Amino acid sequence: MKHPHDPLSESIKQRGMRLIVIGSGYVGLTTAALFADAGFRVVAFDKKIEITKAVNAGVSPLLEDGLGDIIRRNTTTSRLKGSSDPDVLEDRHDAVLIAVQTPIDSSGKPDISALSGALDDVGRNLRKGMLVIVISTVPVGTMSGFVKKRIETISHLRAESDFRLAYSPERMSPGNAVRELCDNPRIVGGIGPRSTKVAAEFFRTVCTTVIETDAKTAEVTKLAENAYRNTNIAFSNQLALICERSGVDSNTVIKLANTHPRVDILSPGPGAGGPCLRKDSMMLARSFKPRELNLVKTANDVNYYMATHVVDLVQQALGNAEKNPSRSRIAVLGTSYKRNVGDSRESPAERVIRRMLELRTYITTYDPHSRESFGGSRRNSIEECVKKSDGFVLMTDHSDFCNMQLARIKELMNARPFIIDARRVINPHHATSLGFEYFGIGASPLLSKLARNPNEESVNPR
Ligand code: SAJ
């Protein structure tokens with residue numbers, strides 16, 4: 001059926017639309033900045049005043065490549081404004097984008113209170129002809145159920161006929177948000193075809209490729225992407241544990257297996273951290289029964305277990321050196337959840353540090369991108385962190401940790417030092433030749449003892 005022309009289409013083309021983005025974290029703020037850069041007038045709303053203050057000063061409050069420049073040029077032209085004043089929600093806007101957090105509690109139950117609050121604000125200020133887009137990750141069925149009902153009840157307007165309502169999940173990796181928001185194909189699923197069409201036109205002003213679908217398909221797709229990655233990492237982690245027991249190196253195995261044109265195994269590590277992989281997997285897993293066959297949930301359990309395995313390796317290393325955890329000092333390098341970002345949410349380092357503190361081990365931490373120490377004693381450099389320690393655990397593969405001066409580090413440490421390389425960035429042969437005892441996730445216990453070229457690069461497959 002052909003629909004009458006949507007006036008929103010014209011206002012998108014002419015860049016006449018005024019937008020408000022509710023929730024200015026790395027997703028919301030990057031989105032706000034890029035739409036301002038595309039020519040729209042945009043308000044980036046966030047309760048956290050330090051975020052909106054920074055935006056209005058033309059500065060990025062986040063470590064995102066290129067974001068600072070975009071914020072600066074668009075605040076100068078007043079196309080982008082930050083605001084923490086709830087009254088701004090009552091101003092006349094033509095489109096509202098919701099990018100608030102939707103975390104899960106310890107039982108895996110989604111907490112949609114921030115989303116719910118945002119919907120109430122939207123509902124109270126909604127006018128006919130507006131476009132509402134949810135970006136936050138939501139459980140399957142939320143758009144056609146909770147979101148639609150809530151806005152309709154408060155506004156007394158009907159989704160699809162009176163206003164347009166769509167779901168468009170983000171797919172960008174923290175640190176690369178600007179580039180990935182523009183270049184990664186964008187999925188847009190409306191509550192009906194008119195909503196899909198206009199929301200897709202809107203995203204085409206910023207994104208190179210926009211793919212249209214319906215809201216529920218977009219919801220499942222978003223969760224599937226992160227659950228797939230999480231499951232792949234879990235497989236890699238399980239393989240690493242098998243290899244450790246079998247006396248072979250999982251990195252070699254993965255490298256070889258990945259030469260098969262239809263195999264692509266990710267890298268093992270201390271677990272899958274961050275605010276997305278575990279959470280989204282849990283959201284998806286909750287939609288599945290019988291529970292005991294739940295592959296997605298099991299993947300989470302395997303990844304979660306890896307932190308326990310790291311602590312087991314530390315204890316084994318201490319035992320080999322005839323040292324007691326409660327009288328030892330361990331340095332933890334890296335507290336953020338992944339390479340070269342400052343975000344430490346759900347970081348595997350937290351579980352490792354808390355467990356070691358329970359064993360009354362003295363823990364020092366250093367992270368060039370994060371101030372988080374999870375109860376350990378924070379230091380300002382690798383050298384300060386490892387000084388007088390019995391061993392160090394490399395938890396995050398930051399670039400700064402990939403070319404460490406191991407000989408100098410060894411001099412600063414106690415006798416019989418060890419390395420637990422949870423990211424496989426250190427060359428085991430080099431480490432052993434310097435007198436370290438080396439343990440790596442997925443590394444055969446014999447690996448460090450085999451006679452090989454000490455100048456050989458680290459064998460991390462990625
Ligand atoms: N990790 C491994 N081995 C690997 C790759 C990653 O152990 O081979 C670990 C990382 O160190 C980290 C965790 O997994 O602890 C997650 O890191 P990540 O880079 O896989 O993902 P996130 O959580 O930063 O971002 C993901 C991305 N999703 C996918 O790649 C499918 C991103 O594109 C999404 O936008 C984001 O989730 C989100 O917000 O949903």
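Let's start with helix α11, where the cover over the buried residues includes α9 (215-246) and α12 (295-320). Buried here means under 20% relative accessible area with a 1.4 Å probe, protein chains only, and helices are DSSP runs of H or I with at least four residues, strands runs of E with at least two, numbered from the N terminus. α11 spans residues 277-285, and nine of its nine residues are buried; among them are Arg278, Lys279 and Asp280.

A word on the source: this is a predicted model, in which local features need pLDDT of at least 70 and side-chain atom pairs count only at pLDDT 80 or more, while totals for chains, interfaces and linings use all residues. Residues are numbered from 1 along each chain as its sequence is written, and side-chain values use heavy atoms, leaving out hydrogens and water.

Next comes the open sheet, six strands with parallel pairing in the order β11-β10-β9-β12-β13-β14; two strands pair if DSSP finds at least two bridges between them. At the edges, β11 (377-378) and β14 (437-440) each pair on one side only. α12 packs on this sheet, touching β9 (329-333), β12, β13 and β14, where contact means heavy atoms within 4.5 Å.

Finally, look at the largest nonpolar core, which has 43 residues. Such a core is a set of buried Ala, Val, Leu, Ile, Met, Phe, Trp, Tyr and Cys residues joined through side-chain atoms within 4.5 Å. Helix α2 (residues 26-37) gives the most to this core, with eight residues. A second, separate core of 29 residues includes Ile20 and Leu126.

Definitions and conventions
Buried < 20%, exposed > 50% of the residue type's maximum accessible area, 1.4 Å probe, protein only. Axes fitted to C-alpha atoms, helices over the stretch in contact; angles between N-to-C directions.
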